[in-house]
Amino acid sequence: ARKIIIDSDPGQDDAAAIMLALGSPEELDILGITTVAGNVPLALTSRNARVVCELSGRPDIKVFEGADKPLLRQLVTAEHVHGKTGLDGPVVDEPTMPVQEQHAVDFIVETILAEDAGTVTLCTLGCLTNIALALQKAPEIAPRIRELVMMGGGFFEGGNITPAAEFNIYVDPDAAKIVFASGIPIVMMPLDVTHRVLTYKHRVEKIRAIGSRPAVAMAEMLDFFERFDIEKYGSDGGPLHDPTVIAYLLRPELFKGRDCNVEIETTSELTVGMTVVDWWQVTGRKHNARVMREVDDQGFFDLLTERLARL
Ligand code: BDR
Ligand code: CA
């Protein structure tokens with residue numbers, strides 16, 4: 001199975017991503033889940049990561065706590081989308097499984113140095129602070145990373161926290177800049193993809209109908225999560241961003257994109273956090289990411305539903 005570290009700020013859609021990975025043990029070996037402040041402050045994202053593991057019957061998964069704020073800026077959170085806990089929707093028990101003592105950044109560095117070069121994949125579902133800190137601490141990890149698959153950015157679709165910026169990049173653009181300059185092979189799932197993956201009622205009902213505790217909790221999270229987005233986008237169902245990252249590892253053929261140069265805006269007041277994607281290859285700048293643009297959305301939901309049923 002492919003070795004992955006999931007770096008996350010759960011978040012209902014982060015929860016869906018984690019459950020999709022937990023439901024796919026044949027393909028994916030989760031070395032650890034690292035948490036970062038983002039959707040809600042760090043104490044809550046760490047709680048929520050453990051809630052999701054316990055809901056999925058996997059209290060054995062190792063959860064490591066990472067950065068509680070961006071590299072240089074004040075933390076921006078998104079309770080308006082995810083609710084006060086970050087995981088509003090289902091009624092859940094407080095987790096009893098522990099947070100590991102090791103800091104997430106140290107775990108990331110040590111793991112990548114300890115595993116064979118080219119075998120560890122990073123899946124990032126929040127801002128990129130932990131990864132940037134790991135790269136600053138141990139730049140020699142960069143060429144050892146097999147791939148970094150991220151949910152972040154947007155180009156033709158624009159932004160969701162400002163007209164220009166997607167939330168994960170906006171929260172810590174300085175970290176994103178470091179990651180995009182690192183030489184790590186990056187696969188980017190931007191809003192251009194995730195805004196096509198909509199939680200239509202019949203899709204959520206199919207998940208609820210699985211009937212298991214994790215599946216019903218997932219359906220309740222999606223009920224909550226989409227409320228905000230349906231109002232915002234006027235669509236019949238909200239976008240389900242983060243599980244596209246895990247779906248890509250399981251079924252890459254569900255997605256289409258191309259290799260591009262991507263630069264991160266960090267100074268402009270108006271467009272800070274923008275991912276400037278050279279989709280039409282007009283700059284001649286070096287490719288540093290495979291940027292996805294199309295998705296087989298029904299294929300994605302079929303996969304998600306099938307794997308949730310295995311939990
Ligand atoms: C991203 O922002 C967060 O609110 C979601 O969990 C997702 O990772 C979407 O812009
Ligand atoms: Ca997230």
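Among the 15 residues around ligand 1 in this predicted model, where a residue is near a molecule if its C-beta atom, placed from the backbone, lies within 6 Å of it, Gly11, Asp13, Ala78, Phe167 and His241 come nearest. By class, the shell comprises five nonpolar, six polar and four charged residues, with Ala, Val, Leu, Ile, Met, Phe, Trp, Tyr, Cys and Pro counted as nonpolar, Asp, Glu, Lys and Arg as charged, and the others, Gly among them, as polar. At least two residues of this shell are supplied by each of helix 1 (12-22) and helix 6 (167-171), helices being DSSP runs of H or I of at least four residues, numbered from the N terminus.

Helix 1 is largely enclosed by the rest of the structure, because eleven of its eleven residues are buried, that is, 20 or more other C-beta atoms lie within 10 Å of their own. The buried residues of helix 1 include Gln12, Asp13 and Asp14.

Helix 4 (residues 104-114) packs against helix 5 (residues 129-137) at an angle of about 60 degrees, with the axes 9 Å apart, the axes being lines fitted to C-alpha atoms over the stretch in contact and angles running from 0 to 180 degrees between N-to-C directions.

Residues are numbered from 1 along each chain as its sequence is written, while chains are lettered from A and ligands numbered from 1 in the order in which they are written. As this is a predicted model, local features need pLDDT of at least 70 and side-chain atom pairs count only at pLDDT 80 or more, whereas totals for chains, interfaces and linings use all residues.

Notes
A residue is buried if 20 or more other C-beta atoms lie within 10 Å of its own, exposed if 12 or fewer, and partly exposed in between; C-beta atoms are placed from the backbone.
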